[in-house]
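Open the structure in your viewer and keep the sequence panel beside it. We will go from stop to stop, selecting as we go.

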Amino acid sequence: MSDPFLIYLLLCLSALAAGAVNSIAGGGTLLSFPPLLKIFNGLENGAVLANATSTVALLPGSFAGALGYRKEVIECRKLILQLLAPSLIGGALGSILVIRYPGVFAALVPWLILSAAFLFLLQGPIKRLTGAGSHGPPRGRTIAAVVLGQFLIAIYGGYFGAGIGILMLSVLPFMGTQTIHQTNAAKTVLAVAMNGVTVLIFIIEGVVVWPYALAMAAAAILGGYLGARFARRLPAIYVRVLVVIIGFGLGLYYLWKEFGNGS
């Protein structure tokens with residue numbers, strides 16, 4: 001594809017959809033990254049350029065999603081503050097790794113996402129077994145485990161990020177969120193934090209293609225806000241089903257890319 005108009009149209013449509021999906025469950029990178037990778041195909045650092053440009057493009061959409069969840073953000077602000085530091089530190093570390101050592105975590109991506117989808121699916125029984133009630137304060141060991149988990153998620157988020165929403169949705173309820181919408185709100189704000197520091201490092205390293213990033217960012221803002229507004233109007237069970245579908249879809253896609261004909 002060589003027509004500039006069609007290129008920008010494709011990128012903006014992918015960013016619009018990615019912004020909406022990120023607001024609901026995460027995984028928007030799967031929609032915004034492949035078109036950029038195709039455009040940069042053949043360049044020595046094409047994958048890094050595509051990853052950095054996609055991350056920068058989707059960050060404003062995450063801000064818009066957070067605005068759509070502003071009521072729930074206020075309700076779970078204590079949880080967000082507890083996990084802010086590991087999100088920032090992990091995001092910074094992951095973005096440095098993708099620039100210095102591209103490809104290190106590639107083999108783990110499908111297993112990480114599928115594990116998160118299973119964890120989200122089995123959340124209720126696990127919480128009953130561990131005693132982590134959704135309406136009560138989490139225990140000390142639970143907090144430590146979630147903080148460590150968030151740090152590892154943030155490293156992965158800074159490195160690539162497809163599926164970080166699924167990963168966070170699977171662990172945040174153990175911190176005491178009372179509804180799927182509160183969990184989504186906390187996930188969205190923490191994603192902004194880890195992606196924000198990642199974007200800063202990508203900008204410093206000069207690996208962002210700004211014409212594409214700015215055009216996609218405008219579309220992602222609209223998609224993020226509309227996605228959050230739509231998700232808040234859905235019954236919780238439908239959001240949970242959508243999260244599980246996206247999670248297993250992402251995991252199976254990356255398994256196919258690694259072991260099938262998509263490599």
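One definition comes first: a residue is buried under 20% relative accessible area, exposed over 50%, and partly exposed in between, using a 1.4 Å probe and protein chains only. This is a predicted model, in which local features need pLDDT of at least 70, side-chain atom pairs count only at pLDDT 80 or more, and totals for chains, interfaces and linings use all residues. Residues are numbered from 1 along each chain as its sequence is written, and side-chain values use heavy atoms, with hydrogens and water left out.

**Stop 1: the whole chain**

Show the chain as a cartoon. It has 13 helices and zero strands. Helices (H or I, at least four residues) and strands (E, at least two) are DSSP runs, numbered from the N terminus. Of the 263 residues in the chain, 52% are buried.

The accessible surface of the chain comes to about 12,100 Å². Carbon and sulfur atoms hold 71% of that surface. Such areas come from the Shrake-Rupley method with a 1.4 Å probe; for residues, only the protein chains shown count as cover.

Next, think about contacts, meaning heavy atoms within 4.5 Å. Take those between residues at least 6 apart in sequence: 82% of them join residues at least 24 apart.

**Stop 2: a salt bridge within one helix**

Select Lys71 and Glu75. Their side chains meet in a salt bridge, 2.8 Å from N to O. The rule asks for a side-chain nitrogen of Lys or Arg within 4 Å of a carboxyl oxygen of Asp or Glu. Both residues sit in helix α4 (residues 70–75), four residues apart, so about one helical turn separates them. Are they buried, exposed or partly exposed? Lys71 is partly exposed at 48% relative accessibility. Glu75 is partly exposed too, at 42%.

**Stop 3: a salt bridge between helices**

The count of salt bridges is two. For the other pair, select Arg100 and Glu205. Their side chains meet at 3.3 Å, N to O. This pair links distant parts of the chain: Arg100 is in helix α6 (residues 84–100) and Glu205 is in helix α11, 105 residues apart. Arg100 is partly exposed, with a relative accessible area of 49%. Glu205 is partly exposed at 36%.

**Stop 4: along helix α11**

Stay with α11 and select residues 180–205. The expected span of a helix is 1.5 Å times one less than its number of residues. How many of its residues are buried? The count is 21 of the 26, so α11 is largely enclosed by the rest of the structure.

Pick out Asn195, which has its place in α11. Asn195 is buried, at 13% relative accessible area. Leaving aside residues up to four places away in sequence, Asn195 touches Thr55, Leu59, Gly157 and Ile164.

**Stop 5: helix α9**

Select residues 140–159. Helix α9 has 20 residues and reaches 29 Å from its first C-alpha to its last, close to the 28 Å expected. Its buried residues include Thr142, Val146, Gln150 and Gly157. Just after α9, Gly161 takes a positive phi of about 105°.

**Stop 6: aromatic rings**

Rings of Phe, Tyr and Trp (its six-membered ring) pair if their centres lie within 6.5 Å; planes under 30 degrees apart count as stacked, over 60 as edge-to-face and the rest as tilted. By this rule there are three aromatic pairs. Select Phe40 and Tyr212: this tilted pair has 6.0 Å centre to centre and 40° between the planes. Phe40 lies in the loop between α2 (29–39) and α3 (46–68), and Tyr212 in helix α12 (residues 210–232), so the pair ties together parts 172 residues apart in sequence. Phe40 is buried at 6%, and Tyr212 is buried at 15%.

Now select Tyr253 and Trp256. Their ring centres are 6.2 Å apart and their planes at 45°, so this pair is tilted. Both lie in helix α13 (residues 236–259), three residues apart, about one turn of the helix. Tyr253 is partly exposed at 28%, and Trp256 is partly exposed at 45%.
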